[in-house]
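Here is a friendly walk through one structure, written for someone who likes to know the cut-offs behind each term. Have the model open as you read.

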Amino acid sequence: MASHRRPKQPSRARVTVLTTAAAAAVVMSSQAANAAPSEKPSKDEVKAKVDKLYEQAEQATEKYNGAKEKQEKLQKEISTIQDNVARGQQELNELRDGLGSMASAQYRSGGIDPSVQLFLSSDPDDYLDKASALDQLSTQQVDALKKIQEKQRELAQQRSEATEKLEDLASTRTELGNKKKEVQGKLASAQKLLNSLTAEQKAQLAEEQNRATRTSERDALTTNVPAGSGRAAAAYAAAQSKLGSPYVYGATGPSSYDCSGLTQWAYAQAGVAIPRTSESQTGAGTRIYSVSQLKVGDLVFFFNDLHHVGLYAGNGQIIHAPRTGTVVRYESMNTIGGPFMFGVRV
């Protein structure tokens, strides 16, 4: 006969734990169901983030420009040194051939001078160090040996200089690549943020910018501020001719520009060579710290690290190449996004 035992009842403590856990699960489920979806950032929040990324991209762009300029300069210097070394080696060979001719003449006239024979079979530096041997040489032979010694030292110095510059060039190329990646990364992040906006929000941003540009253009065109000089006026006119040209980082014209590329190109049209980067352009003339003393065509610099530059257009306006996604345009100095540091009269 089978036994019938009462099933063991769960303890009161176990029931309490299970009940509590079930209640918590219900609450969490309810909260999850009722939680509002995370809100997308507003148009203004996206714009603020994008503007910051563009500022960082422009900072990296000026570093990129500096590295690129240094690379080009090093390549030219290395090429010049290598050409000099090649010519120097040819001159050295001719000097050695000349001394060899002396030795041949001596041989034909009765034998090679022991001192010349010693030279031909060893390093001339070592030979000239033996002062007693100089007495055995003719004045012509001494002069020839000294020229060879000087040429050898010159070539050794040039080869050493070329080696150092080649090492510098390699590190500069690495820096250039890193800065290019940094710029591209910032721009990609900015574009991703812009892509998150609705078509309506994008249209609103574009209209806001167009309205600001039209106002700046009107204010600039009604200016009564004189140009700083004939060259400044010519540079300003050149920049005006490029209104509407797209911003492209690293570009120096004639169809696209970055900020310092535009100012360098504009002054080049006026017959004035100024450096490539915004920071180096600060040394192109006399600094002017008061906006009221600026004249049309003066260079104007912004941000504490001087990574942005434009041309003064009068009435607190500038012509500049702002950033990726924009074109060369007029803009108020108050809307650049960074403080005005000073102007430079080239």
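## Helix α9 and what follows it

Helix α9, residues 259–269, is mostly covered, with eight of its eleven residues buried. Here, buried means under 20% relative accessible area, exposed means over 50%, and partly exposed lies in between, using a 1.4 Å probe and protein chains only. Helices (H or I, at least four residues) and strands (E, at least two) are DSSP runs, numbered from the N terminus. Among the buried residues of α9 are Cys-259, Leu-262, Trp-265, Ala-266 and Tyr-267. Just after α9, Gly-271 takes a positive phi of about 80 degrees.

A word on the source: this is a predicted model, in which local features need pLDDT of at least 70 and side-chain atom pairs count only at pLDDT 80 or more, while totals for chains, interfaces and linings use all residues. Residues are numbered from 1 along each chain as its sequence is written, and side-chain values use heavy atoms, with hydrogens and water left out.

## The nonpolar core

Which residues have the most contacts inside the largest nonpolar core? They are Ala-266, Tyr-267, Leu-299, Phe-301 and Ile-319, in a core of 45 residues. At least two residues each come from α2, α6, α7, α8 (230–240), α9, β2 (299–302), β3 (308–314) and β6 (340–345). The largest share, eight residues, is supplied by α2. A nonpolar core is a set of buried Ala, Val, Leu, Ile, Met, Phe, Trp, Tyr and Cys residues joined through side-chain atoms within 4.5 Å.

## Strands β4 and β5

Strand β4 (residues 317–320) pairs with β5 in the antiparallel sense over four bridges; two strands pair if DSSP finds at least two bridges between them. Ile-319 stands opposite Tyr-330 in β5.

Is strand β5, residues 329–332, covered on one face or on both? Both are covered: Arg-329 and Glu-331 are buried on one side, and Tyr-330 and Ser-332 are buried on the other. In a regular strand, side chains alternate between the two faces of the sheet.

## The largest pocket and helix α7

The largest pocket has a volume of about 980 Å³. Its lining has 36 residues, of which Asp-51, Gln-209, Arg-323, Thr-326 and Arg-329 lie nearest the centre. Two or more lining residues come from each of α2 (43–108), α6 (139–195), α7 (199–221) and β5. By class, the lining of this pocket has twelve nonpolar, 13 polar and eleven charged residues. Ala, Val, Leu, Ile, Met, Phe, Trp, Tyr, Cys and Pro count as nonpolar, Asp, Glu, Lys and Arg as charged, and the others, Gly among them, as polar.

A pocket is an open set of points on a 1 Å grid over the protein atoms alone, with protein on both sides within 12 Å along at least five of seven lines; a cavity is a set where a 1.4 Å probe fits but cannot get out, and lining residues have an atom within 4 Å of a point. Points are joined across faces, edges and corners, and a volume is the space filled by probe spheres set on them.

Helix α7 gives the most to the lining of the largest pocket, with ten residues. In α7, Leu-205, Thr-213, Ser-216 and Ala-220 are buried.

## The cavity

A search of the whole structure finds one cavity of 30 Å³ or more. About 50 Å³ of space lies in the largest cavity, and its lining includes Tyr-54, Glu-58, Val-183, Tyr-249 and Arg-323. The largest share of that lining, four residues, comes from α2.
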